[in-house]
Amino acid sequence: MRIALVCDYSLDYLGGAQSAFLDQARILRARGHSVTIIAPALRGDGGQKWVAAWRNGPGGVVPVPARVVLPGVDLPVVRNSKALRARLDEELQSRRIDVVHLHSEFGLSAAVVAAAQSRGIPTVQTVHTFFWQAPMPRLAGVIAAAGVRGFTRWLRGFAAGDASLAVRPLDSALRNVTLSMGQRVDAVVSPSAHQADRLRAAGLDNVHVVPNAIALGDEPGAALTVDAAAPPLRIVWVGRLVAEKRLLEFVDAIVLAAARLAPGALDVEIVGEGPLRAEAERRAAGAPVRFLGRLVRDEVAAAMRGADLVALTSYGFDNQPMTVIEALHAGRSVFYVDPALTEGLEAAGILASPHTSAGMADALVRLANDPAEVVDASARAVVAAREFDPDVYAARLLDVYAAA
């Protein structure tokens, strides 16, 4: 097939959505499909790295200039304009695209959908999160929600709707942005069953569950042995250092657990960057925690293989995090707190309950004192990783394209 993959986010910064997006491109290209990547290209040399890396594969790239990046969320601003739609229409026609697949819901995605629909090309959207969270005082949230509705209407050329989708006004406005794009496409992909249920409850009836997969560039990791799991209990936390990932709560849990354990019983690495780093470092002072900053993907994989557990501490926010699949591929279990997350975790995760810092600390003390549970979960992780096989993923996607 000739597939256009579309992302509004910069591909020179690899968050979870971008990682899933580029893995999809790798998986489909490796199986003989032509995949054209359409994404923003920022001004300057730094915004051209992804273009150079991907332009020579089957399908090539369509870089769309973006002169402004929305501060705080790292979103390149690309407006759905008549000129952009005309360019994209020409690209879709000349490349004889069979299906357009979005991984976001902003201006560039809106322009590609409009161009595709004018030519009768099926459109698909992967929803990476329907659980937007932006906590703030209610009055400020009401004002910010109005700003989001106005800005996204200007950016995309259509309104986002005002359905009540969350208690907080800003959360609801952001979820309406996602929902309104899902209402315009022919099929929606949700990587998790629990998010699919929420999307259907919001009114979408074209939702398909297709768990994420990773393009396997290396051999799967081996399970832990009892000897390898000797103290300290080594944990790696991977993600953006932001409130919705609950890094501070995890750091507080490490401090509480370390106070109850013998010296050297815990060893924790934090991988990632974000606005909470300084506060997290302050809280972690004196605790067995190291901050490694942002690492490239191969370095993240190496950190996971060098650990006993991978921590995922978000609650009520994540859909199906790429961190889970990467951990399972490394042969490591996931220490998690959100029971709604089931893909890969029901089989091979270690759930800490309650999800508070105290609840996490209790679980960490238990695991540090008796690592047998960690060793057993690692063996189950090796088996669970097979559910995210790239061939299975590609076949499921083709079924969605056929439905669209």
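Helix α7 is followed by G203, a residue whose phi is positive, near 120°; helices here are DSSP runs of H or I with at least four residues, strands are runs of E with at least two, and both are numbered from the N terminus. The model is predicted, so that local features need pLDDT of at least 70 and side-chain atom pairs count only at pLDDT 80 or more, whereas totals for chains, interfaces and linings use all residues. Residues are numbered from 1 along each chain as its sequence is written, and side-chain values use heavy atoms, with hydrogens and water left out.

Within α7 (residues 193-201), H194, Q195, A196 and L199 are buried, that is, under 20% relative accessible area, as against over 50% for exposed residues and values in between for partly exposed ones (1.4 Å probe, protein chains only). The cover over these buried residues of α7 includes β8 and β9, with contact taken as heavy atoms within 4.5 Å.

Strands β8 (187-190) and β9 (207-209) are also among the elements against which the buried residues of helix α15 pack, together with β1 (2-6), α1 (16-30), β6 (99-102) and β7 (123-126). The buried residues of α15 are P390, Y393, A394, L397, V400 and Y401. They lie on the same side of α15 because they cover an arc of only 120° around the axis, the arc being that of the directions from the helix axis to the C-beta atoms. On the other side of α15, D399 and A402 are exposed.

In the pairing of α1 with α15, residues Q24, I27 and L28 of α1 meet P390, Y393, A394, L397 and Y401 of α15.
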